[in-house]
Amino acid sequence: MPGTTVEMGPIEPQSLKKLCLKSLKKSRDLFSPIHFQLAPLDPESKRIRMSHKISVEYKGIKVGSEIVPGQVNTAAVEASGSSNILSISGPGDSRVSQKGGAQNALVVGPSLQPKTQNDVGVSGKSTSVITASGSSERNFSNSVIMERIPSKWPRPIWRPPWKSYRVISGHLGWVRSIAFDPSNTWFGTGSADRTIKIWDVGSGRLKLTLTGHIEQVRGLAVSQRHTYMFSAGDDKQVKCWDLEQNKVVRSYHGHLSGVYCLALHPTIDLLLTGGRDSVCRVWDIRTKVQAFALSGHDNTVCSVFTRPTDPQVVTGSHDSTIKFWDLRYGKTMLTLTHHKKSVRAMALHPTKHCFASASADNIKKFSLPKGEFLHNMLSQQKTIINAMAVNEDGVMATGGDNGSLWFWDWKSGHNFQQAQTIVQPGSLDSEAGIYALSYDLTGSRLVTCEADKTIKMWKEDEDATTETHPLNFKPPKDIRRF
């Protein structure tokens, strides 16, 4: 009735385990006639289950029947029914690996053998294993033969290691930039001591010292078309030096902060500079006019290179992006967002249509002109990479903030040498940093500019052989697609 209420007793709280045991007991009461005794296994269901497991695990492997000694010829085995034969090729005549009594030989897939005059017929279905002479006496009944799939990753060629053969000291501050002369007779270095020094390539002797900047010189470039050298520094200045008069003939004003990188267009009289104002500026060399201000980066533009064809300008920034620029309109063509850290260095391959970019997370390789991601280098330097360069032989060098100098095979991405620079006496161990590096025009010498105020020159070790420095290469198992 609606007026009456039914009083319920207190409900005892029960744990989940107790409820599961109660449910299990009810299920046993329903389906098991005898407690504490399992029902007997059904042989038919066991047979079906085992046959399914065998077919899933060993699809191409079948169990062979007993092989009688003397019935298998060295050439082939012909079965009157269907026969499965595993042929393992070798240098000599083949023979049968077998043991007395019944043997279960594992074979992979059916293979056809040509009929000869000495073929012996075996009644029924038969399987056999034919091994090569000279091979070890293996019991194939206890091993599964797997086909080894060769790696499609390109194998690097052996390259001799590089060694330091000259240390040049003369700067009074960190050496931040380097540029080679088109005649390959001298190179210039810019330093934190606000000077630019010209050195002889062959002897390493100082030829000239240029002063004019009031802050450290962060970028250098020597023109292939004129007798000009261009420099940029933290003092917001971009200068053009006439190498015939050894003095500044033009200055390019417009940057709002320090200038970090500099590049010359290979076919047009254009100069490109990138700096801390997040803008890459394009200058006309002769008129000192700023043609474009390529704006779009969110942070410092710290690396730039140019090409004769589109994309003619490629910039890397601290905002971890790489941008391709259309030089006709001054607009962005493409933005690459593969890196997670600042892209402090980039290197264009001298002959192939691709380039590499380096950041603290990885070194990546991209194709040109579309900017498709090719692959990562197979090792991680695990430091801030300030500079990188590649020569025509496909040897890429990367210099890190901790003084590590790694050499890579360009095609495969294999790191074949890990060198560590040594600071000059009187310097701190923390000054073992590489800020700039460049190959000479032949690609046989490498010059590194370092934080211990020295310039080191490297060349290939002529005494190295494949025995003294073997190639330890393992192709990657998993290839990252980003």
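At 15% relative accessibility, Asn386 counts as buried, because the cut-off for buried is under 20% relative accessible area. Asn386 is a friendly place to begin a tour of this predicted model, since its side chain has polar partners at both Asp401 and Ile434.

- What does the side chain of Asn386 contact at 2.8 Å? The partner is the side chain of Asp401, and the pair makes a polar contact.
- A polar atom of the Asn386 side chain also lies 3.1 Å from the backbone oxygen of Ile434.
- Is Ser359 buried or exposed? Ser359 counts as buried, with a relative accessibility of 2%.
- Ser359 sits in a loop, with strand E26 (354-358) on one side and strand E27 (363-367) on the other.
- The side chains of Ser359 and His339 make a polar contact at 3.0 Å.

**Surface patches**

- Which residues gather in a patch of negative charge on the surface? They are Glu392, Asp393, Glu460, Glu462 and Asp463.
- Met50, Ile54 and Tyr58 make a nonpolar surface patch of about 290 Å².
- Ile54, one of these three residues, lies in helix H2, which covers residues 43-57.
- With 45% relative accessibility, Ile54 counts as partly exposed.

**Cis peptide bonds**

- Most peptide bonds are trans, and most residues other than glycine have a negative phi.
- Asp310 and Pro311 are joined by a cis peptide bond, with omega at about -5°.
- Pro311 has its place in the loop between strand E21 (301-306) and strand E22 (313-317).
- Another cis peptide bond links Leu368 to Pro369, and here omega is about 10°.
- The loop holding Pro369 runs between E27 and strand E28 (373-376).

- Lys288 is not a glycine, yet its phi is positive, at about 65°.
- Where is Lys288 found? Lys288 lies in the loop between strand E19 (279-284) and strand E20 (290-295).
- Lys288 counts as partly exposed, with 42% relative accessibility.
- Lys453 likewise has a positive phi, near 70°, without being a glycine.
- The loop that carries Lys453 is the one between strand E34 (445-450) and strand E35 (454-460).
- A relative accessible area of 33% makes Lys453 partly exposed.

**A pair separated in sequence**

- How far apart are Gln224 and Thr267 in space, C-alpha to C-alpha? They are 9.4 Å apart, while 43 residues apart in sequence.
- Gln224 is found in the loop that connects strand E13 (217-222) with strand E14 (228-233).
- Gln224 counts as exposed at 70% relative accessibility.

Definitions and conventions:
Residues are numbered from 1 along each chain as its sequence is written. This is a predicted model: local features need pLDDT of at least 70, side-chain atom pairs count only at pLDDT 80 or more; totals for chains, interfaces and linings use all residues. Side-chain values use heavy atoms; hydrogens and water are left out. Patches are made of residues with over 30% relative accessible area and no salt bridge: like charges are joined within 9 Å, nonpolar side chains (Val, Leu, Ile, Met, Phe, Trp, Tyr) within 5 Å. Accessible areas come from the Shrake-Rupley method with a 1.4 Å probe; for residues, only the protein chains shown count as cover. A salt bridge is a side-chain nitrogen of Lys or Arg within 4 Å of a carboxyl oxygen of Asp or Glu. Lys and Arg count as positive and Asp and Glu as negative; His and the chain ends are not counted. The place of a charge is taken as NZ of Lys, CZ of Arg, CG of Asp or CD of Glu. Helices (H or I, at least four residues) and strands (E, at least two) are DSSP runs, numbered from the N terminus. Buried means under 20% relative accessible area, exposed over 50%, partly exposed in between (1.4 Å probe, protein chains only). A polar contact is a pair of N or O atoms within 3.5 Å; within protein, one must be able to donate a hydrogen and the other to accept it, and residues adjacent in sequence count only if both atoms are side-chain atoms.
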